[in-house]
Amino acid sequence: MRTSNHLIGVLNFLTFLLSIPILGGGIWLSSRANNTDCLKFLQWPLIIIGISIMVVSLAGFAGACYRNTFLLRFYLVVMFLIIAVLIGFIIFAYVVTDKGEGRRMMNRGYLDYNLNDYSGWLKDRVKSDEYWGKISSCIRDSKTCRKLARNFNGVPETSDMFFQRKLNPIQSGCCKPPTDCGYMYQNETVWIQGGGLMGTNPDCTKWNNDQQQLCYDCDSCKAGVLGSLKKSWRKVSVINIVVMIILVIVYIIAYYAYRNNKRMDNDEPYGEARMTKSQPSAFHL
């Protein structure tokens with residue numbers, strides 16, 4: 001009995017520790033939403049799952065320490081539901097961020113982002129007027145584009161230096177015009193029309209050198225937000241998958257430890273059923 005309780009207690013303490021990276025991932029996404037991604041509703045399910053695992057693990061730990069069968073049963077039932085929700089959340093995160101990649105451009109170190117490369121529920125949500133006004137305002141307030149400026153010994157970087165930079169998706173999509181528009185570089189956030197024809201991309205006419213406008217109304221900016229979300233969520237999903245696998249293993253061990261605990265409460269010898277006990281053999285070796 002004591003061994004089973006100790007095992008369940010250790011396993012619950014382990015699941016408590018496993019909740020920390022899940023909760024940390026949600027908090028990291030929240031900080032990303034405040035600074036760059038600017039889509040703030042997706043991190044809450046992860047934070048709720050992390051807190052739920054913490055609370056349930058503490059309940060299971062208390063149940064093991066005080067031999068409270070109700071708390072142990074509560075732990076097993078709720079933890080099963082949490083694992084199911086976590087699996088569903090991982091699948092959801094991969095589905096909504098499945099499509100869309102940045103496009104490589106000739107003689108450019110950064111990628112260009114096109115909204116047509118994305119599809120699905122997340123794209124529709126990002127490009128909707130209801131959300132995009134808040135998202136674009138968040139990007140503007142985060143001063144992401146202003147932070148692009150670089151100086152070397154007091155001299156601004158040249159166009160060749162800028163073209164080789166590794167811009168993140170939001171910087172590429174929101175802070176400069178699309179490459180196929182043919183704008184000429186003046187500095188990181190000031191571009192002028194070239195001598196040739198302007199590209200057919202609708203974003204070409206939306207670009208504005210006003211630092212409060214830039215390409216915040218461009219489809220490329222919306223695509224950049226989606227590209228940034230995809231990168232963030234894929235990183236967090238890797239952690240979630242590892243934690244989920246460990247949780248499943250811990251849950252299976254805890255379940256069998258609980259059954260053994262319950263069997264010993266009923267004075268059932270390990271590996272023997274009640275039927276065997278009620279009709280003992282006449283011969284004992």
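Buried denotes a relative accessible area under 20%, exposed over 50% and partly exposed in between (1.4 Å probe, protein chains only). The legends below describe a predicted model, in which local features need pLDDT of at least 70 and side-chain atom pairs count only at pLDDT 80 or more, while totals for chains, interfaces and linings use all residues. Residues are numbered from 1 along each chain as its sequence is written, and side-chain values use heavy atoms, with hydrogens and water left out.

**View A. The disulfide of Cys181 and Cys204.** A disulfide is a pair of cysteine sulfur atoms within 2.5 Å; here the sulfur atoms are 2.0 Å apart. The link is left-handed, with -90 degrees about the S-S bond. Cys181 lies in the loop between α7 and β5 and Cys204 in the loop between β6 and α8, so the pair ties together parts that are 23 residues apart in sequence. Helices (H or I, at least four residues) and strands (E, at least two) are DSSP runs, numbered from the N terminus. Both Cys181 and Cys204 are buried.

**View B. The disulfide of Cys145 and Cys175.** The S to S distance is 1.9 Å. The torsion about the S-S bond of Cys145 and Cys175 is about -80 degrees, so this disulfide is left-handed. It links distant parts of the chain, 30 residues apart: Cys145 is in the loop between α5 (129-141) and β3 (151-152), and Cys175 in the loop between α7 (169-174) and β5 (183-187). Cys145 and Cys175 are both buried.

**View C. The disulfide of Cys174 and Cys221.** The S to S distance is 1.9 Å, and the link is right-handed, with 95 degrees about the S-S bond. Since Cys174 lies in helix α7 and Cys221 in helix α8 (residues 219-265), the pair ties together parts that are 47 residues apart in sequence. Cys174 is buried at 0% relative accessibility, and Cys221 is buried with a relative accessible area of 0%. A search of the whole structure finds four disulfides.

**View D. The aromatic pair of Phe163 and Trp191.** Rings of Phe, Tyr and Trp (its six-membered ring) pair if their centres lie within 6.5 Å; planes under 30 degrees apart count as stacked, over 60 as edge-to-face and the rest as tilted. By this rule there are ten aromatic pairs. The ring centres of Phe163 and Trp191 are 6.3 Å apart and the planes stand at 35 degrees, so the pair is tilted. Phe163 in helix α6 (residues 159-163) and Trp191 in strand β6 (residues 190-193) are 28 residues apart. Both residues, Phe163 and Trp191, are buried.
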